[in-house]
Amino acid sequence: MTEILIVGGGYAGLYTALNLEKKLHRDEAHVTLVDPRPYMTYQPFLPEVVSGAIEPRHTVVSLRRHLRRTTLVAATVDRIDHARKLVRAHGLDGRDIELNYDIVVVTAGAVTRTFPIPGLVDEAIGMKNVEEAVAIRDRLLTAFDRAAALPDGPERARLLTVTFVGGGFSGVEGFAEALSLATEQLTYYPEIGARELAFHLVEAQGRILPEVSDGPGRWVVRHLRGRGAHVHLNAQMVSAVGGHVVLSTGEEFDSDLIVWTAGNAANGVVARHTDLPVDARGFLVTRADLRVGTEEETVADAWAAGDNAVVPDLAVGHGATTVPNAQHAVRQAKRLASNIVATVRGREPKNYVHSSLGVVATLGRGHGLFQYKWIVVKGWPAWAMHRGYHVLAVPTWERKIRVLLGWVGAFVGRRDIASLAATVAPRDAFTRAGQPRANVDGEVA
């Protein structure tokens, strides 16, 4: 029986496993998926987790619940040794694991790209997983509570200042949703004025949202500025030491919350710990049929898809490669699974070809942008299109229903603005209760 090993349980990994389960006979192959997390995160919903429009658990899909014929290994892959057809990993308990395979599928995804900027690692947070999105939301909510109790001054201003670095879809959507949440919170905080909010979006290029054309991109900048945001174009963050943000333009300000969304970097195991071919940036060199390698030289029994793979975009041509988004990852996974089944049964694989369905972005409740070729939709209709598309795209009917019910609840009852930041240290109240306390005379009670 053929042993198929999938490295990574994100979009591409989950959908590859699901489609292999549907297409393979039980006696043809056995599928194993290795990932340290027990769920797949639907990343397009993370901005709405930040704003509280979606319950965090509704953005993730349990691997065990939906992969019935796949063996799941909860571990982090350390090395892919394709020459020996061996993957080395370490489990959640720290033990070393070795996994042999006949066919490997690398869908490990990408990681947040960082730079050696002073203070960045100490002060900033990414927005690539649900834990980060929840932390951003709780940090913002807690800042309002703290600021409301302070008089006017530098500390109050710092707490009400938010900075997002990176003007791609993730950064712009997260920024706009956080701004929407903060603006709506003002209703419940009469102590805080709208002019006290300082939201900064920093982008190194002269425009944001590179996936859309210039006109819609400029409209988004005007739209955000019209809502009180500060959009810094052709600007880079050069320091964030102690939460003091310094931009290359000379502007400086203190910011309690700094969110870094400035692009993707290759997953470490793909970039540095495999004998499979990678490009200069550390991403897997992948053919149009999703086999690892080039048109001239294919690596046998190795496949890749998703954010860790450089896949030729045959629908665009001219040497273009597919952009790293959920639209491609899901469709690549389906083609990849069909191609693996074809090769197992002695047939030739087919190339992956997918014309873009357009791009759609949320800019906060009631605000959005959609573009397909020359067709541009703005405002509430685009926001509704964003929700409609993604509720169809999120895996499983169970998750679709939960997300829809959550949206209805948020629309009828408004957003929940309770911070659960204390959950990061759930034992604090218990341990404090067990400690001796001093009485008014300083004696231990």
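Rings of Phe, Tyr and Trp (for Trp, its six-membered ring) are taken to pair if their centres lie within 6.5 Å, and a pair counts as stacked when the planes are under 30 degrees apart, as edge-to-face when they are over 60 degrees apart, and as tilted for the rest. The structure examined here is a predicted model, in which local features need pLDDT of at least 70 and side-chain atom pairs count only at pLDDT 80 or more, while totals for chains, interfaces and linings use all residues. Residues are numbered from 1 along each chain as its sequence is written, and side-chain values use heavy atoms, with hydrogens and water left out.

By the rule for rings, the count comes to eight aromatic pairs. One of these joins Tyr 42 and Phe 45, which are edge-to-face, with 5.0 Å from centre to centre and 65 degrees between the planes. Both Tyr 42 and Phe 45 are buried, where buried means under 20% relative accessible area, exposed means over 50%, and partly exposed lies in between (1.4 Å probe, protein chains only).

Phe 175 belongs to helix α7 (residues 169–185) and Phe 199 to strand β12 (residues 198–202), so the pair ties together parts that are 24 residues apart in sequence; helices (H or I, at least four residues) and strands (E, at least two) are DSSP runs, numbered from the N terminus. Phe 175 is buried, having a relative accessible area of 0%, and Phe 199 also counts as buried, at 2% relative accessibility.

Strand pairing was examined next. Two strands pair if DSSP finds at least two bridges between them. Strand β1 (residues 2–7) and strand β2 pair in the parallel sense over six bridges, with Thr 2 standing opposite Ala 29 in β2. Strand β2 (residues 29–34) is mostly covered, since five of its six residues are buried. An open sheet of three strands, by contrast, has antiparallel pairing and the order β6-β7-β8. Strands β6 (75–81) and β8 (96–100) stand at the edges of this sheet with a single partner strand each, so one side of each is left without a neighbour in the sheet. Between β6 and strand β7 (residues 86–91), the antiparallel pairing extends over six bridges, and Asp 81 has Leu 86 in β7 as its bridge partner.

Gln 371 is placed in strand β24 (residues 368–372) and counts as buried at 9% relative accessibility. Its side chain makes a polar contact with the side chain of Ser 213 at 2.8 Å, a polar contact being a pair of N or O atoms within 3.5 Å, of which, within protein, one must be able to donate a hydrogen and the other to accept it, and residues adjacent in sequence count only if both atoms are side-chain atoms. The side chain of Gln 371 also reaches the backbone oxygen of Lys 373, at 3.0 Å. Leaving aside neighbours within four places in sequence, Gln 371 is in contact (heavy atoms within 4.5 Å) with residues including Val 212, Pro 216 and Val 376.

Thr 142, which lies in helix α5 (residues 130–148), is partly exposed, with a relative accessible area of 26%. Thr 142 and Ser 419 are 277 residues apart in sequence, yet 6.2 Å apart in space, C-alpha to C-alpha.
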